Amino acid sequence: NRVIEEDNLPVNIGIYSFNHHVQKLKDFEEHVTNEELSKRYIVRGDTHLLSAVNKMAEVFQTECHEGDHVLIILTDACVNSSQLKALRNQANQDMKTLYIGIGAEMHRQEEKDLFGDYNIKMENDVITVLTKAFMDTV
């Protein structure tokens, strides 16, 4: 947020958390501190990535009418292989979807296909992986 505001970039960021429900943590137009955002976040298990991606496509259609849309999913990929395949094969023309693994095991081919080089294994990887992913997306 700091870079976006300081450089006056025309970017709106919404932040959502999901398991089997999607929870809005930050509206696209809302300004919140990292502390406020941390208080809103509730760690949840039982992630249903495919339904979350579909829900976010609906959010983009109803709440974001202008510009390009990029959905960035950060996940540990603890889902079954068929869901990973479906995510990889799902194409949405209204938004680009970028998947970033957080400690994903990368044993299954589906994980390798979904994340490619975007897997944060250690805290030291965060800046490198996120920067590469964002630059490749733009």
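Colleague: How many helices and strands does the protein chain have?
Modeller: In this predicted model, there are 6 helices and 5 strands in the protein chain. Starting at the N terminus, they run α-β-β-α-α-β-α-β-α-β-α.

Colleague: What makes Gln83, Leu84 and Leu87 of helix 4 count as buried?
Modeller: Buried means under 20% relative accessible area, and Gln83, Leu84 and Leu87 in helix 4 (residues 81–89) are classed that way. Down the axis of helix 4, the buried residues fall within an arc of 100°, so they line one face. Ser82 and Asn89 sit on the face turned away from that buried side, and they are exposed, a word that calls for over 50%.

Colleague: Which elements cover the buried residues of helix 4?
Modeller: The cover includes helix 3 (49–63), strand 4 (96–102) and helix 5 (109–115). Take leucine 87: beyond its neighbours within four places in sequence, it is in contact with Leu49, Leu50, Val53, Tyr99 and Leu114. Contact here means heavy atoms within 4.5 Å.

Colleague: And what is called a nonpolar core here?
Modeller: The name goes to buried nonpolar-type residues, Leu and Val among them, joined through side-chain atoms within 4.5 Å. The largest such core has 22 residues, with Val53, Leu71, Ile73, Leu87 and Tyr99 making the most contacts inside it. Helix 3 gives the most to this core, 7 residues. A second, separate core has 6 residues, including Leu98, Ile100, Tyr118 and Ala133.

Colleague: What share of the protein chain's residues count as buried?
Modeller: Of its 138 residues, 32%.

Key
Residues are numbered from 1 along each chain as its sequence is written. This is a predicted model: local features need pLDDT of at least 70, side-chain atom pairs count only at pLDDT 80 or more; totals for chains, interfaces and linings use all residues. Side-chain values use heavy atoms; hydrogens and water are left out. Buried means under 20% relative accessible area, exposed over 50%, partly exposed in between (1.4 Å probe, protein chains only). Helices (H or I, at least four residues) and strands (E, at least two) are DSSP runs, numbered from the N terminus. The arc is that of the directions from the helix axis to the C-beta atoms.
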